[in-house]
Amino acid sequence: MSSFDALVLALRKLPGVGPKSSTRMAFHLLQHDREAAHQIAQALDAAMRDVRHCQRCNTFTEAEVCDTCLDPQRNAAQLCVVETPADQAAVERTGSYQGLYFVLMGRLSPLDGIGPRDIGLDRLFERAADGEVREVIVATNFTAEGEATAHVLAEGLKSRGLKVTRLARGVPVGSELEYVDLGTIAHALVDRR
């Protein structure tokens with residue numbers, strides 16, 4: 001396989017990028033913006049080398065514990081559980097939530113072979129039972145897998161004596177938080193049940 005074909009194939013691995021788009025990107029980078037291609041390669045190499053999971057919340061960080069977990073202004077009694085760092089960023093952009101997070105890095109999907117151990121539910125349950133957390137806000141996506149994950153989380157957390165709330169249904173069913181407008185996410189947080 002040629003280097004050009006390998007680049008096109010690598011670009012196709014990005015979400016929403018098909019064969020035409022990946023070919024167009026490869027041609028653009030090589031023909032018009034080789035400096036940008038070098039910057040992308042260097043940034044990707046640095047991220048792969050330096051970015052890891054936060055020991056407390058499991059999001060991406062370059063430190064052992066992320067800035068959000070270290071922020072003394074955050075409400076340690078609230079823990080918002082999201083599927084991905086992109087979902088966490090969407091909730092943060094609303095400016096309406098001041099608690100802490102736990103990022104699952106996925107969701108339950110038995111058809112794809114993804115079970116509780118694959119998304120770190122044991123780590124979440126341990127974190128939620130640290131004595132500081134009083135409410136766990138389940139903010140998984142409103143997809144079939146997200147709803148199944150929310151159900152398993154709620155049952156496991158309630159059995160540990162924790163108050164569990166779920167985002168209100170203002171977020172459209174079948175959507176992912178990363179793509180929902182900020183006002184809808186903010187209202188869903190305020191109106192959680």
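1. Two strands pair if DSSP finds at least two bridges between them. By that rule strands β5 and β6 (residues 163-166) belong together: four bridges join them, and they run parallel. Helices (H or I, at least four residues) and strands (E, at least two) are DSSP runs, numbered from the N terminus.

2. A word on what you're looking at. This is a predicted model, where local features need pLDDT of at least 70, side-chain atom pairs count only at pLDDT 80 or more, and totals for chains, interfaces and linings use all residues. Residues are numbered from 1 along each chain as its sequence is written, and side-chain values use heavy atoms, with hydrogens and water left out.

3. On confidence: pLDDT is the predictor's own confidence in each residue, from 0 to 100. The protein averages 91, with 98% of its residues at 70 or more.

4. Which strands flank β5? Strand β3 (residues 75-82) is joined to β5 by four parallel bridges, and L79 has V136 as its bridge partner there. With β6, again through four bridges, I137 stands opposite T165.

5. β5, helix α7 (residues 144-158) and β6 also make up a right-handed β-α-β unit. Right-handed here means that, with the strands pointing away from the viewer, the path from the first strand over the helix to the second runs clockwise.

6. How many aromatic pairs are there? The count is two, taking rings of Phe, Tyr and Trp (its six-membered ring) with centres within 6.5 Å; planes under 30 degrees apart count as stacked, over 60 as edge-to-face and the rest as tilted. F4 and F27 have ring centres 4.7 Å apart and planes at 35 degrees, so that pair is tilted. F4 sits in helix α1 (residues 3-11) and F27 in helix α2 (residues 19-31), so the pair ties together parts 23 residues apart in sequence.

7. Y97 is buried at 4% relative accessible area, and Y101 is buried at 0%.

8. R160 lies over the face of F125, 4.1 Å from the ring centre. R166 does likewise over F142, at 4.3 Å.

9. Have a look at T94, in helix α5 (residues 85-94). Buried or exposed? T94 counts as buried, at 17% relative accessibility. Its side chain reaches the backbone oxygen of V91 at 2.7 Å, and a 2.9 Å polar contact joins the side chains of T94 and S96. A polar contact is a pair of N or O atoms within 3.5 Å; within protein, one must be able to donate a hydrogen and the other to accept it, and residues adjacent in sequence count only if both atoms are side-chain atoms.

Methods:
Buried means under 20% relative accessible area, exposed over 50%, partly exposed in between (1.4 Å probe, protein chains only). A charge sits over a ring if NZ of Lys or CZ of Arg is within 6 Å of the ring centre and within 35 degrees of the ring normal.
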